[in-house]
Amino acid sequence: MRHILTVLISASLLLLSGCSLLDTMADDGEVLLAQMDDPNVWLSHGRTYDEQRYSPLDSINTDTVGDLGLSWFYDMDTRRGQEATPLFVDGVLYLTSAWSKVHAFDARSGELLWQYDPEVPGEWAVKGCCDVVNRGVAYQDGMIFSASFDGRLFALDAKTGAKQWETDTIIDRSKSYTITGAPRVVKGRVLIGNGGGEFGVRGYVSAYNARTGELDWRFYTVPGNPDDGFEDPAMEMAAKTWSGEWWTAGGGGTVWDSMAYDPELDLLYIGVGNGSPWNPDVRAPGNKGIEDNLFLSSIVALRPDTGEYVWHYQTTPGDQWDFTATQQMILADLDIKGKARKVIMQAPKNGFFYVIDRETGEFISAEAFVPVNWADGVDQKTGRPNIVPEAYYQKSDGAPFSSLPGPMGAHNWHSMSFDPNTGLVYIPAQVLGFPYKDVPDDYELSELTVNLGVDLKSVALPGDPEIRKAIRGTIGGHLVAWDPVTQKEVWRVEHGGAWNGGALSTAGGLVFQGDHKGNFSAYDARTGKTLWQQPVQTGVVAAPITYALDGEQYVAILAGWGGIMPLLTGDLSHIKGEGPQVNRSRLLVYKLGGKKTLPEPYDVTRTKVPAPASFGTAAQIDKGLGLYQRYCAGCHGDTAVSGGVLPDLRWSYALSDEDTWFLITRDGGLKEAGMVGFGKELSDDDLTAIRAFVTHRAHESGVAQ
């Protein structure tokens, strides 16, 4: 009732004053909060501030879902990864696509109303770890807010797409900062973090005035150089958990995705990412040992008006495995041991599902939701993981530590959902390990590629196709229904592979999810039984939404294969027994009785040029392997096997022509397409070694002819 009265009073005042809603309401957020209560709309990334991704709509339910059909679709103009959650307001769907393009569609017909292209420079792609993706927009008072891959935040008129303001969020443009996450709007402020945790940056989150784009406050997540002074008491406190010269390598801790807000407590929650580099001995030269390094891999509560620190909880102290806490945070009220608790729930990369008191940050419980071997559980008194000694690979005798999970995570950015009716959280879980190994003493930081502090050469996949096939068979992915009170699995749906889409739950008793095989499915929320499924002709990694218009309920999802796993892991991300998943980027919208059909799959295969004869000495090819793994694998696949999103270099025409090879790899001849030149850091001999290695791999893997 309070929200309804606020809207009515505000509207009356507007009529009397002649002022715009944006002018008068952008600072208190009550109107947006009231609008979110409408079950027909989807106004924020997780629908509401609690990020539950649950909809009260129930026309599409366990009885009617069998009649769900395609209402309309739209082919996007890029074949890169698609990770955005659409928003729905006033009959319009708003979403982003790869390269940070913003689109507005008539939600009834699918007509494209407008498109805004921030024109991200292609060469900025080298500054990102995980594809040129974008996870969506924010909305308030007739304005759409979005951020570009190269770090700009802008406001657009929701009706026309005309830009109202733009601001630069990057504190140092010489560093490899990016933005892939969706902004949030809280109390008239647009909140956004940055990526770059693999590239030597210092993390932070910023709040901008929604009307003007002016910076209101900024909270840093790791301390800077003490000689420069600390920005606030939180940074002074955090600095006591670091030693050595940590600021020289950046520190990391980027806020690259998840945020949530509790209006009642007036607390903003941010998820903080990994250290930069991963390896603490490289991250903080001269450190005294194993330290917590706050606020890496932590949930941090802030005051949204000022950015003032309130509390934190660290899921992975001293993180050196890329076990970020940037994964989705869900707010809910649970009955735990007969007591009502206001909780925040998270399933970060490290494999444990956490339930934390969101008022105080007090640890409540945590249990593994996938196989975990880096820690022997979480201490139920301290809330700290019991890390096994061998997991500290930088302290080992040189042997790699084969960890479950690995840096892809037991759960990555793919959205969870919470159904208050079943009391279950639906998690896109995966089983995917990684062998961490310390780097040689002569390891140097780079400006043009990732700085992980782990030996990527020694952990490269073997070349033998049969061994690779066997490794692929160990990778799993599933949708798990998890009881956060008992900390136990209730049911699961196996997908036969990792990197599956986000989840949506509804009052109709359904859970919707797309998968890596190209299916979009609806499951019974209580049992996991498949009730409906349709092929979408591409892998799905994004999460669906649902909305109602003219008395009809719709379900919308942006399909398109991409992100770090398809780019990096090559044939490990392929469908078992088949080739790579093809990216056919589409927005698909369904309703009961929908009769639209997709066209026959169009051909997106690229020209394959036979490789030249093998050349180079064994030492040269081995050198090329090490350089390839560090500079090339993140886009073109581990050991030169593409995951199907970007070109497979084993088929590249440039292998056969040295001049063309140097034009591209040294001079940046394709920089507008995202392929920069590496001549600043790699010599001609280095680049020739990479060419010799890729040619060798073309023959070794049997694709040379």
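How much space lies in the largest cavity? The answer is about 100 Å³. The model shown in these views is predicted.

**View 1. The largest cavity and its lining.** Six cavities of 30 Å³ or more are counted in the structure. The largest cavity has a lining of 14 residues. Those nearest its centre are His-45, Arg-53, Asp-257, Trp-413 and Ser-415. By residue type, the lining of the largest cavity consists of six charged, six polar and two nonpolar residues.

**View 2. An open sheet of four strands.** The strands follow the order β16-β17-β19-β20, with antiparallel pairing. Because β16 (259-262) and β20 (309-314) each have a single partner strand, they stand at the edges, and one side of each has no neighbour in the sheet. From one strand to the next, the twist averages 20°.

**View 3. The pairing of β19 with β20.** Strand β19 covers residues 298-302 and is joined to β20 by five bridges in the antiparallel sense. Ser-298 stands opposite Gln-314 of β20.

**View 4. The disulfide of Cys-129 and Cys-130.** The structure holds one disulfide. The bond runs from Cys-129 to Cys-130, with an S to S distance of 2.0 Å. The link is left-handed, with -95° about the S-S bond. Cys-129 is partly exposed, at 27% relative accessibility, and Cys-130 is partly exposed at 24%.

**View 5. Cys-632 and Cys-635.** The closest cysteine sulfur to that of Cys-632 belongs to Cys-635, and the 8.8 Å between them is too far for a bond. Cys-635 is in no disulfide. Cys-632 is buried, with a relative accessible area of 13%, whereas Cys-635 is partly exposed at 33% relative accessibility.

Conventions
Residues numbered from 1 in each chain as written. Predicted model: local features only at pLDDT ≥ 70, side-chain atom pairs only at ≥ 80, totals over all residues. Heavy atoms only, no water. Pairing = 2+ DSSP bridges. Helix = DSSP H or I, 4+ residues; strand = E, 2+ residues; numbered from the N terminus. Axes fitted to C-alpha atoms, helices over the stretch in contact; angles between N-to-C directions. 1 Å grid on protein atoms, 1.4 Å probe; cavity = no way out; pocket = protein on both sides within 12 Å on 5 of 7 lines; lining within 4 Å. Points joined across faces, edges and corners; volume = space filled by probe spheres on them. Nonpolar A, V, L, I, M, F, W, Y, C, P; charged D, E, K, R; others polar. Disulfide = S-S within 2.5 Å. Buried < 20%, exposed > 50% of the residue type's maximum accessible area, 1.4 Å probe, protein only.
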